[in-house]
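I opened my notebook to go through this entry step by step.

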Amino acid sequence: MTALALKGEDLVDAGQVAQQITLDDTREARLLAEAAIDRVRGKFGPRVIGPATVFRRAS
């Protein structure tokens, strides 16, 4: 059996930290993808990225 113990001292408000850490790689990847999507939408408009089901076949 493996155990992990964390102890928090002198905690500050989340708004005062540069980046919140996570131990969940899947969540980290999703957050990176969401940030990239936000940048693309900011550059090309809010409707440029959407669910694949809304796009028709090119042929």
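Are glutamate 9 and lysine 7 buried or exposed? I checked the two side by side, and both are exposed. I am working with a predicted model, and I keep that in mind throughout.

**Entry: charged pairs**

I looked for salt bridges and noted two. One joins the side chains of glutamate 9 and lysine 7, at 3.0 Å from N to O. That distance falls within the 4 Å cut-off for a salt bridge. Glutamate 34 and arginine 30 form a salt bridge too, with their closest N and O atoms 3.4 Å apart. Both of these residues sit in helix α1. They are four residues apart, about one turn of the helix. Glutamate 34 has a relative accessible area of 38%, so I log it as partly exposed. Arginine 30 comes to 44%, so it also goes down as partly exposed.

I counted secondary structure elements next. The protein has one helix and zero strands. The helix, α1, runs over 25–44. I find 20 residues in α1. From first C-alpha to last, α1 reaches 29 Å, close to the 28 Å expected at 1.5 Å a residue.

Then I looked at the two ends. What caps the N-terminal end of α1? Aspartate 24 does, with a side-chain oxygen 3.2 Å from the backbone nitrogen of threonine 26.

**Entry: after the helix**

I moved on to valine 48, which is in the segment after α1. Its relative accessibility is 38%, so valine 48 counts as partly exposed. I took the C-alpha separation of valine 48 and isoleucine 37 and got 9.5 Å. These two are 11 residues apart along the chain.

**Entry: before the helix**

For context, most residues other than glycine have a negative phi. Aspartate 10 has a relative accessible area of 77%, so I mark it exposed.

Leucine 4 lies in the segment before α1 as well. I get 65% relative accessibility for leucine 4, which means it counts as exposed. Which residues make the nonpolar surface patch? I list Leu4, Leu6 and Leu23, and the patch covers about 420 Å².

**Entry: whole-chain totals**

How much of the protein counts as buried? Of its 59 residues, 2% do. I put the accessible surface at about 6,300 Å². Carbon and sulfur atoms hold 55% of that surface.

Notes. Residues are numbered from 1 along each chain as its sequence is written. This is a predicted model: local features need pLDDT of at least 70, side-chain atom pairs count only at pLDDT 80 or more; totals for chains, interfaces and linings use all residues. Side-chain values use heavy atoms; hydrogens and water are left out. Helices (H or I, at least four residues) and strands (E, at least two) are DSSP runs, numbered from the N terminus. Buried means under 20% relative accessible area, exposed over 50%, partly exposed in between (1.4 Å probe, protein chains only). Patches are made of residues with over 30% relative accessible area and no salt bridge: like charges are joined within 9 Å, nonpolar side chains (Val, Leu, Ile, Met, Phe, Trp, Tyr) within 5 Å. Accessible areas come from the Shrake-Rupley method with a 1.4 Å probe; for residues, only the protein chains shown count as cover. The expected span of a helix is 1.5 Å times one less than its number of residues. A polar contact is a pair of N or O atoms within 3.5 Å; within protein, one must be able to donate a hydrogen and the other to accept it, and residues adjacent in sequence count only if both atoms are side-chain atoms.
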